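Here are my notes on the charged and aromatic contacts. Please read them beside the coordinates.

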Amino acid sequence: MQNSETVKYLNIMVETLEKKQGMLDMLLEKTVRQNECIAGKDQDSANWSQFEVLMIEKDSAIEKIDEIDSAFDSMFKRIRTELDNNKDEYTDQIKALQNCIIKLTDTGVKISSIEERNRSEIERIMTAAKAGIGKARKNLKATSGYIASMYGNSAATDSSQIDSKK
């Protein structure tokens, strides 16, 4: 025979997982929006301010998810012995929990996949930016070398000579 308190806790646990699913759905949406801020863009055209706002919002959501997880674990610890001893009595509730966990796992995998794409996009943008800096340094060095050959070696380090009228 089912223990009414255990059934109550199991129902609350299902509600808790559904709340977590809502938070993960929101996290997924924000992760997709972050991708839109950077995908296929360069350092100057990426929307870094929006990306950062979304990151802050995601951090807040993750903190709430951690709180939900703690509450879930606490409830599970209270009824674990009853479930272990009378598993057959609570098959419907356990099935509901398992279905919630499957959905949570699927959403988590989607989030991880998009996060990985975002990481790759950021690496691509930063690599291109570094290449641009390297190219600018080479151009500056070539320009300095040209100036040095035109005005003598001291002009390469003294830009005031370039600007002065002779």
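1. Buried means under 20% relative accessible area, exposed over 50%, and partly exposed in between (1.4 Å probe, protein chains only). At 45%, aspartate 66 is therefore partly exposed. This is a predicted model: local features need pLDDT of at least 70, side-chain atom pairs count only at pLDDT 80 or more, and totals for chains, interfaces and linings use all residues. Residues are numbered from 1 along each chain as its sequence is written, and side-chain values use heavy atoms, with hydrogens and water left out.

2. Eight salt bridges are counted, each a side-chain nitrogen of Lys or Arg within 4 Å of a carboxyl oxygen of Asp or Glu. Lysine 58 pairs with glutamate 115 at 2.2 Å between the closest N and O atoms. This links helix H2 to helix H3 (residues 91-151), 57 residues apart; helices are DSSP runs (H or I, at least four residues), numbered from the N terminus. Lysine 58 is buried at 5%; glutamate 115 is partly exposed at 31%.

3. Aspartate 69 and lysine 20 form another salt bridge, 2.7 Å from N to O. Aspartate 69 sits in helix H2 and lysine 20 in helix H1 (residues 4-38), so the pair ties together parts 49 residues apart in sequence. Lysine 20 is buried at 15%.

4. Which aromatic rings pair? Tryptophan 48 and phenylalanine 51 do, edge-to-face, at 5.9 Å centre to centre and 75° between the planes. The rule asks for ring centres within 6.5 Å; planes under 30 degrees apart are stacked, over 60 edge-to-face, the rest tilted. Phenylalanine 51 is buried at 8%; tryptophan 48 is partly exposed at 28%.

Definitions and conventions:
Phe/Tyr/Trp six-rings, centres within 6.5 Å; stacked < 30°, edge-to-face > 60°. Helix = DSSP H or I, 4+ residues; strand = E, 2+ residues; numbered from the N terminus.
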